[in-house]
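Welcome, and thank you for taking a look at this one. Here are some notes to read with the structure open beside you.

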Amino acid sequence: MMDRTEIENNVTPEKLSKRTLVPQESKTKKRRSIIKGIIYALLILTAVICFIPFLMMLVNATRSNDAILTGFTLIPGTALMENYRTMMEYVNIWNGFKNSLIISVLVTLLTGYFSALTAYGFAFYTFKGKNFLFVFMLVMMMVPGQLGLIGFYELCKNLGILDTFIPLIIPAIASPFVVFFLRQYIQTTLHPSLIEAARIDGASELRIFHTVAIPIMMPAVATMSIFTFIGSWNNYIVPLVVLFSPEKYTLPVLMGFLKGSQVAQNLGSMYLGIAISVVPIMIAFLFLSKYIVNSISAGAVKE
């Protein structure tokens, strides 16, 4: 048998350090797991708090006016069809839904494409007055759109495009903030060597934009498309000013009239109309929100 001195001699400093590191690593892992659990619990609590208003809206859309006044409950009611009939007696909400969807989709597609084209030109082309135009565009970002509403109305009147969807689609394509965001994004992700290589291969400028620039810019374009769609869908003041025919009203305008009618006395119908108007926004965010993270981490060339 080995005596005590031999055992001590066999224990090297490396073995002692390994023995002391094992408890420290276990404590560190345990501490990290506790912190991670606390973070996940806070995130779940935040998600539940954010979801409660939407849940209240959906539940109240199925309850009668008297039931809503009695208090809140998570149990759906049985007055959904009654609320729907009451709402449809005063406004054709599906016609407004169609008008808003047409305008919002066209504005989102056209804004994304032409803003990307403009941002690409500001980022990789040199032309006279480039810096002045870019600074002018930044200044326009600081001017509220409501200040030019009267002049915009007079311009539409002189052009004969009042009571049409043109004033709601064409001016919205020129979005200074989207151009600014896309320009900053493409300058950090698209390396000029890719454009030079495409030019050496004989590709035209438009082909370079469509095959090289657009795929790299897609995360940023999708991110801006979320905000563009939501902004166009919720636009209330401009449709209220330029549209006169009830069959051309957008959904926010119809919801404004709904609040001023006798339907406002039926809270269930009001909740149902709000729920219908919110659904497209939730769907758009659900399908496009993943690009927000991609727009932060995506890159073209890693050096």
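**Notes for a first look**

1. Let's begin with Thr250, which is buried, with 4% relative accessible area. Thr250 lies in the loop that runs between helix 12 (237–242) and helix 13. Setting aside neighbours within four places in sequence, its contacts are Gly96, Asn99, Ser100, Ile103, Leu168, Asn235, Pro239 and Leu243. Please keep in mind throughout that this is a predicted model.

2. Now step back for the overall picture. The protein has 15 helices and zero strands. Of its 303 residues, 34% are buried. If you take the contacts between residues at least 6 apart in sequence, 74% of them join residues at least 24 apart.

3. Next, a helix pair. Helix 5 (residues 93–124) packs against helix 13 (residues 251–259) at an angle of about 150 degrees, and their axes are 8 Å apart. Angles over 145 degrees count as roughly antiparallel, so helix 5 is roughly antiparallel to helix 13. Which residues meet here? From helix 5 they are Ile93, Gly96, Phe97 and Ser100, and from helix 13 they are Leu251, Pro252, Leu254 and Met255. Sorted by class, this contact has six nonpolar, two polar and no charged residues.

4. On to the aromatic rings. A pair of aromatic rings is described by how far apart the centres are and by the angle of the planes. The count here comes to twelve aromatic pairs. Take Phe132 and Phe136: their ring centres are 6.5 Å apart and their planes are at 20 degrees, so this pair is stacked. Phe132 and Phe136 are four residues apart in helix 6 (residues 130–141), which means that about one helical turn separates them. Are these residues buried or exposed? Phe132 is exposed, with a relative accessible area of 62%, while Phe136, at 44%, counts as partly exposed.

5. Compare that with another pair. Phe229 and Trp233 are also stacked, at 5.9 Å centre to centre and with 20 degrees between the planes. These two are four residues apart in helix 11 (residues 205–233), so they too are separated by about one helical turn. Here Phe229 is buried, with a relative accessible area of 9%, and Trp233 is buried as well, with 2%.

6. There is also a group of rings to find. Tyr113, Phe114, Tyr120, Phe124, Tyr125 and Phe209 form one aromatic cluster. For a ring with a charge beside it, turn to Phe134: the charged end of Arg183 sits over this ring, 4.1 Å from its centre.

7. Finally, please look at Phe152, which is placed in helix 7 (residues 149–159). What does Phe152 touch beyond its neighbours within four places in sequence? Its contacts are Pro167, Pro171, Val238 and Val242. Between Phe152 and Pro167 there are 15 residues in sequence and 8.8 Å in space, taken from C-alpha to C-alpha.

Definitions and conventions. Residues are numbered from 1 along each chain as its sequence is written. This is a predicted model: local features need pLDDT of at least 70, side-chain atom pairs count only at pLDDT 80 or more; totals for chains, interfaces and linings use all residues. Side-chain values use heavy atoms; hydrogens and water are left out. Axes are lines fitted to C-alpha atoms, for helices over the stretch in contact, and angles run from 0 to 180 degrees between N-to-C directions. Angles under 35 degrees count as roughly parallel, over 145 as roughly antiparallel, 65 to 115 as roughly perpendicular and the rest as oblique. Contact means heavy atoms within 4.5 Å. Ala, Val, Leu, Ile, Met, Phe, Trp, Tyr, Cys and Pro count as nonpolar, Asp, Glu, Lys and Arg as charged, and the others, Gly among them, as polar. Rings of Phe, Tyr and Trp (its six-membered ring) pair if their centres lie within 6.5 Å; planes under 30 degrees apart count as stacked, over 60 as edge-to-face and the rest as tilted. Buried means under 20% relative accessible area, exposed over 50%, partly exposed in between (1.4 Å probe, protein chains only). A charge sits over a ring if NZ of Lys or CZ of Arg is within 6 Å of the ring centre and within 35 degrees of the ring normal.
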